[in-house]
Amino acid sequence: MDLTHRLFSLRPINSAAFQVLNHPRNADLVSEFMLEDALDIGHFESNATLKNACCIATLSPDPNADIVVPGDGKTVSNLQYEFLILDDTRIEFVDKSSLVSCPVRGGENGDENFLLTYSNDQLCKIEFKIDQSNWAEFDIIWRLRFGTSLPSALEARRNAVLPRRKRRTMADTQVLPATNPKPERQQLPRYAANTRATVVARFEYHPCPLGHGTFGTVHRVRDLKRNRLYAVKVQRNSDLVNSELVKREIKILQSLKGDNTNIVQYHGHLMYQETGPVHIFMDLMEGSLHDMVAQKRRPVQLDDDGLARKMYHHVLQGLDHIHSKGFIHRDLKPANILWTLREGELSFCIADFGVSVEQSLAKSAVGTIEFFAPEYKFHCPQTTAIDLWSLFITYLWTTNLENFRNQNLKGYDDLLLWIASLARRRWNDLAAVQELIVLDPKDRATASQMLKHKFKGDGLKIEDRNVPDLPTVMAPEIKNPRTGVKWLHQLVRPSGMPAQEPIHEMAPGNHIFTRLVLWSLNKENNVQVFNQHKQSGGGGRITVVLIGKAFKDCPKSPVTGRPRVTKQKAAAVKRLVIREAIVRGASCQAKVQPAAAAGALIGRTPGLLQS
């Protein structure tokens, strides 16, 4: 039966609910959801439509009901439940029994109790009697297509010609026993309700793992019931920290599940015991980008540049979807980009959301250091821009420009300097990703912007007109004073500025980003000494960067300017007679025009910014 207009499914929780699921007259409504069988509702014309056009489905022991409920033969006239459309925008679950007895629970966690009706698209649980002593309990699983609201789905359903169900004729309705082999009191807790023995025996695990990670392993698993292969991530769940990480990963995967083929699809999870490992079922792919390149195994004829561009386009689409949901991946790299063939074409998707998080909760520094964004070093807040820098590094790794994969860099400082040097030499060769090679995350392009301007909107989820233009970016520069202290310096013209405007330090409105990248610490960790020399016509001078108080005193701004740090404040940090204190590493509020402030600072600091 066509499931186009399916609204939701009923997933059984207890043994009485499984009796409803397994009734022979309900067999044509059963489909699989998250490795479990469930009853689909909404995609067929109800038998009660002639009496009530707002009726979606009826539940009753009556053989003519849409969903037949097993009964004891004495309650047919007493039990009658209906799903009704209210105001073309909501759905009610109504108990029309002679004795009202049907509690309906709603809310995200099923905490709130509602009698008779619940008129919100967050309905998540129902309970109803099937005889004098047994109650069937179901979860409500909404099955609307991605991006579709409930009113829109109801309107489309109202305008469609819904099929009528074809049932086989039965002389007598038989009530089958529950498929749950354990008595109710011996079942696993609710959080592990889907780990019945019949489910556990259904899956065959390959003895050799596909891969290992920080928190667990990935296995190839065969579903013997469906004859289908899955990739199953077996995640440790032994302590509070791991438990919270697992819950967060599952929540994110559930939120991202939908029509986007550039994100690995989640199919459900199993928990065998409260503190045991969690088994997360996902699509099985052919392999990772890392292994494809390392093993020199290409399923199609593509050179490094062609492979990088294909991956780049697909991952941008995945990131666009992830970021639209408010999440940051935080560990994008070749090992976490998987590939498969779809109709003979190479297709990439993003996987491993173990350290992903909502942007508002992103605090800790996690991920793989080679793919870290500069924000980590410069202590900027974490945003979705982190993933775009990681994508640039992944692109660079795939193209292997100037033998990037084999560079023996000692640390992250050396990596940033190498990238800045490469960008200055090969800026035109990096045209596809220039707007991602931006040190300041506020000016780095988004996935939507890159899809619009680099791929003509192919794969973009929102309208082009709602996506801003790209900024104009200059390659990062390395400023190397005579003292050996190294700074990264970059100019960016915001997207709103006319293209003909010059882009240099003296042009007003350009964003100027300057950050220290290499230095030597003096004996006292709270002060870093950069330069000590004789000024013409003057005495010695010490130029320092203050840590702690001075940084806190500097308001944030994309413009590097003079901080409000007095000699008294500087002396409070270190007892030195300081004739001039320059604070770097934090954006400071300029009291004059940005270009003038930058020019004044450069002019007053001989040797610091001259290359």
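Q: Before we start, what does partly exposed mean here?
A: Partly exposed is the range between buried, under 20% relative accessible area, and exposed, over 50%. The model is predicted, and the values below are computed from it.

Q: OK. Take Lys325, then: where is it found?
A: Lys325 is in the loop between α6 and β19 (327–328).

Q: How far apart are Lys325 and Leu256 in space?
A: Their C-alpha atoms are 7.7 Å apart, while 69 residues separate Lys325 and Leu256 in sequence.

Q: And α6 itself, what does it reach from first C-alpha to last?
A: Helix α6 covers residues 304–324, 21 residues in total, and reaches 30 Å. That is close to the 30 Å expected at 1.5 Å a residue.

Q: Why call α6 largely enclosed?
A: Because 15 of its 21 residues are buried, α6 is largely enclosed by the rest of the structure.

Q: What's the phi of Gly326, which follows α6?
A: Positive, near 90°.

Q: Where does Lys296 lie?
A: Lys296 is in the loop between α5 (289–294) and α6. With a relative accessible area of 75%, Lys296 is exposed.

Q: Switching to α8. How many of its residues are buried?
A: 15 of 15, so α8 is mostly covered, buried meaning under 20% relative accessible area. The helix spans residues 385–399 and reaches 21 Å from its first C-alpha to its last. The expected span at 1.5 Å a residue is 21 Å, and the helix comes close to it.

Q: What follows α8?
A: Asn400, with a positive phi near 55°. Glu402 also has a positive phi, near 50°, in a residue other than glycine. Glu402 sits in the loop between α8 and α9 (412–425).

Q: Glu402: buried or exposed, or in between?
A: Glu402 is partly exposed, at a relative accessible area of 30%.

Q: Now the cores. Which residues touch the most other members of the largest nonpolar core?
A: Tyr312 and Trp389, in a core of 82 residues. At least three residues of this core come from each of domain 2 (201–284) and domain 3 (287–492).

Q: What is Trp389 in contact with, leaving aside neighbours within four places in sequence?
A: Its contacts include Phe371, Phe372, Ala373 and Pro374, and also Tyr412, Leu416, Ile419 and Arg444. Leu436, Ile437, Val438 and Leu439 are contacts of Trp389 as well.

Q: Which residues does the second core include?
A: Ile56, Ile85, Ile91 and Ile130 are among them; this separate core has 31 residues.

Q: On to charges. How many salt bridges are there?
A: The count is 26. One of them pairs Glu358 with Lys251, with the closest N and O atoms 3.7 Å apart. That pair links distant parts of the chain, 107 residues apart: Glu358 belongs to strand β22 (residues 357–358) and Lys251 to helix α4 (residues 240–256).

Q: What is the relative accessibility of Glu358?
A: It is 31%, so Glu358 counts as partly exposed. Lys251 is at 44%, also partly exposed.

Q: How far apart are the closest N and O atoms of Asp440 and Lys442?
A: They are 3.1 Å apart, and the two residues form a salt bridge. Asp440 is buried at 3% relative accessibility, whereas Lys442 is exposed at 56%.

Q: What does Lys479 form a salt bridge with?
A: Glu477, at 3.5 Å between the closest N and O atoms. Lys479 is buried at 10%, while Glu477 is partly exposed at 23%. Elsewhere, salt bridges with shared partners join Glu402, Arg425, Arg426 and Asp429 into one network.

Q: Last one: what does UniProt list for Lys233?
A: The unreviewed UniProt entry lists Lys233 under "binding site". Lys233 is in strand β15 (residues 228–235) and is buried, with a relative accessible area of 10%. Leaving aside neighbours within four places in sequence, Lys233 has contacts including Thr217, Glu249, His279, Asp352 and Gly354.

Terms used: Residues numbered from 1 in each chain as written. Predicted model: local features only at pLDDT ≥ 70, side-chain atom pairs only at ≥ 80, totals over all residues. Heavy atoms only, no water. Salt bridge = Lys/Arg side-chain N within 4 Å of Asp/Glu carboxyl O. Helix = DSSP H or I, 4+ residues; strand = E, 2+ residues; numbered from the N terminus. Buried < 20%, exposed > 50% of the residue type's maximum accessible area, 1.4 Å probe, protein only. Core = buried A, V, L, I, M, F, W, Y, C linked by side-chain atoms within 4.5 Å. Domains from an automatic or database assignment. Contact = heavy atoms within 4.5 Å. Expected span 1.5 Å × (residues − 1). UniProt positions renumbered as here; feature names shortened; annotations may be inferred.
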